[in-house]
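Q: I am new to this structure and would like a close look at a single part: the places where the chains meet. Could you walk me through them?

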Amino acid sequence: MFLGKVIGTVVSTKKDERLIGHKLLIIKPLSFKNDTGSKPMVAIDLVGCGVGETVLVVQGSTASRSLDKENAPVDAAVVGIVDTIETAGSKDEDLY
Amino acid sequence: MFLGKVIGTVVSTKKDERLIGHKLLIIKPLSFKNDTGSKPMVAIDLVGCGVGETVLVVQGSTASRSLDKENAPVDAAVVGIVDTIETAGSKDEDLY
Amino acid sequence: MFLGKVIGTVVSTKKDERLIGHKLLIIKPLSFKNDTGSKPMVAIDLVGCGVGETVLVVQGSTASRSLDKENAPVDAAVVGIVDTIETAGSKDEDLY
Amino acid sequence: MFLGKVIGTVVSTKKDERLIGHKLLIIKPLSFKNDTGSKPMVAIDLVGCGVGETVLVVQGSTASRSLDKENAPVDAAVVGIVDTIETAGSKDEDLY
Amino acid sequence: MFLGKVIGTVVSTKKDERLIGHKLLIIKPLSFKNDTGSKPMVAIDLVGCGVGETVLVVQGSTASRSLDKENAPVDAAVVGIVDTIETAGSKDEDLY
């Protein structure tokens with residue numbers, strides 16, 4: 001899994017019908033300070049989160065299997081809202 | 001999933017027969033401004049999209065399972081056409 | 001699999017119920033000296049490790065299947081605590 | 001899937017027996033002009049391609065399932081030979 | 001699959017019991033000359049290779065399924081020892 005910030009949503013009228021009813025969230029993954037290669041992702045919402053929140057995202061086929069619908073074309077899902085991140089305190093281990 | 005722009009198509013005469021009848025789209029993933037590592041991908045079309053459109057792409061084995069054909073050799077599929085992307089407005093969260 | 005250092009934990013009250021009871025560890029992957037693209041990950045703990053330890057992490061759907069719960073929304077798990085890393089000694093093969 | 005150029009072959013005498021009889025191709029993925037992070041891959045050949053050709057490569061567990069052999073230890077397969085790539089013409093969308 | 005060099009081994013006393021009896025190899029992936037983003041990986045040994053050898057590595061859930069043990073928490077396996085790499089000879093296609 002990875003930690004990310006919900007930075008927006010996607011509106012799509014013409015889409016695979018198995019996606020209907022699922023909120024599509026744009027996620028910016030948290031990264032270490034000197035990394036500039038963070039890539040935006042889209043995940044469905046399983047926990048009721050909102051823009052601005054830090055969340056836990058699961059990727060891959062397990063994201064699809066964690067839904068009820070069979071063969072849902074989904075490869076990422078928000079599975080937790082993060083209250084706090086507890087790190088040991090070293091500066092180069094901070095997350096941004 | 002990720003957001004991308006359809007920038008072209010692939011013509012392939014000699015291919016696995018399970019790919020026959022599927023349009024092969026070249027996708028340029030959207031990225032944040034200071035990321036230069038965007039890699040071109042090829043996805044099949046499940047929603048009827050065209051060159052120039054911004055789309056939602058699903059990756060991995062779920063892309064294959066979302067088709068009807070058994071064991072289709074596919075690892076990416078366009079599953080939605082994007083109408084609008086709604087972000088909170090911070091510049092470093094814009095997508096390109 | 002990859003080697004990483006446990007640098008912290010994630011506290012999440014509102015989460016998928018299949019994650020309840022699993023410690024969520026933040027992992028910093030080990031990398032070669034001139035690589036600056038290391039990305040933080042979150043893994044569940046299968047072996048009872050703690051912050052500061054170097055661990056072995058498995059990714060993908062096998063991480064989910066290695067749990068008892070069906071369809072657990074998990075894509076990374078700590079499956080070993082590293083005692084020692086034995087390398088041949090070339091400087092550009094050291095891990096950081 | 002991704003587009004790549006077949007740049008060579010791998011000779012391996014001592015290998016998993018389920019790989020016997022499959023040509024092992026070294027693939028250089030096509031990338032956009034300003035990306036220098038292209039990584040070499042090895043894929044088996046499902047279509048009868050040769051060195052120098054541009055091909056379509058599928059990755060992941062679907063590559064394994066597209067073979068006849070059960071549990072073949074394969075995660076990439078060439079599934080098409082590319083005749084032409086048709087892009088809209090913008091320079092920063094050219095593939096190299 | 002990818003090509004890599006075996007650069008060391010991992011010693012882990014406290015680990016998932018399904019990993020017992022499997023040698024854990026540290027692999028440095030081969031890359032093209034101007035790529036500095038090579039990341040160390042850990043793979044189990046299916047062919048009896050040693051430190052210093054160039055090997056073929058398979059990743060993902062197929063690596064787990066290629067073992068006998070059910071649900072082995074493994075996502076990478078060495079499936080061949082490389083005798084020779086035959087490339088067409090262009091300098092920017094050499095592997096390091």
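This is a predicted model: local features need pLDDT of at least 70, side-chain atom pairs count only at pLDDT 80 or more; totals for chains, interfaces and linings use all residues.

Do the two chains use the same or different surfaces where they touch? Only 12% of the interface residues of chain D are also interface residues in chain B, so the copies meet through different surfaces.

Let us stay with this contact for a moment. Chain D brings 34 residues to it and chain B brings 35 residues. The general idea behind the next number is that the size of an interface is often given as the accessible area lost when the parts come together. Between chain D and chain B the buried area is about 2,600 Å², with carbon and sulfur atoms giving 55%.

Next come the polar links. Chain D and chain B share 12 residue pairs in polar contact, counting pairs with both residues at pLDDT 80 or more. On the side of chain D that touches chain B, the elements giving two or more residues are β1 (2-11), β4 (54-59), α1 (61-65), β5 (76-81) and β6 (84-87) of chain D. Sorted by class, that side of chain D holds 16 nonpolar, 12 polar and 6 charged residues. There is also 1 salt bridge between chain D and chain B, in which the side chains of Lys5(B) and Glu93(D) meet at 3.0 Å, N to O.

Strand β1 of chain B, residues 2-11, pairs with β6(D) in the antiparallel sense over 4 bridges. Within that pairing, Val11(B) has Thr84(D) as its bridge partner in β6(D).

Now turn to chains C and A. Here the contact takes 35 residues from chain C and 34 residues from chain A. The area buried between chain C and chain A is about 2,600 Å², and carbon and sulfur atoms give 54% of that area. Three residues, Ile7(C), Lys14(C) and Pro40(C), supply 20% of what chain C buries against chain A, more than any other three residues.

Across this interface the rule finds 1 salt bridge. Lys5(C) forms a salt bridge with Glu93(A), and the closest N and O atoms are 3.0 Å apart. The polar contacts between chain C and chain A come to 12 residue pairs, both residues at pLDDT 80 or more. On the chain C side, β1 (2-11), β2 (24-29), β3 (41-45) and α1 (61-65) each supply at least two residues. β1(C) gives the most, with 6 residues. By class, this side of chain C has 16 nonpolar, 10 polar and 9 charged residues.

β1(C) also takes part in a strand pairing: β6 of chain A, residues 84-87, and β1(C) pair in the antiparallel sense over 4 bridges. There, Thr87(A) stands opposite Gly8(C).

Finally, a look across the whole structure, which holds 15 salt bridges over all chains. Another one links Lys5(A) and Glu93(B), again with the closest N and O atoms 3.0 Å apart. Lys5(A) lies in strand β1 of chain A and Glu93(B) in the segment after β6 of chain B, so this pair joins two chains.

Definitions and conventions. Residues are numbered from 1 along each chain as its sequence is written. Chains are lettered from A and ligands numbered from 1 in the order in which they are written. Side-chain values use heavy atoms; hydrogens and water are left out. Contact means heavy atoms within 4.5 Å. Buried area is the accessible area (1.4 Å probe) that two parts lose on being put together, summed over both. A salt bridge is a side-chain nitrogen of Lys or Arg within 4 Å of a carboxyl oxygen of Asp or Glu. A polar contact is a pair of N or O atoms within 3.5 Å; within protein, one must be able to donate a hydrogen and the other to accept it, and residues adjacent in sequence count only if both atoms are side-chain atoms. Ala, Val, Leu, Ile, Met, Phe, Trp, Tyr, Cys and Pro count as nonpolar, Asp, Glu, Lys and Arg as charged, and the others, Gly among them, as polar. Two strands pair if DSSP finds at least two bridges between them.
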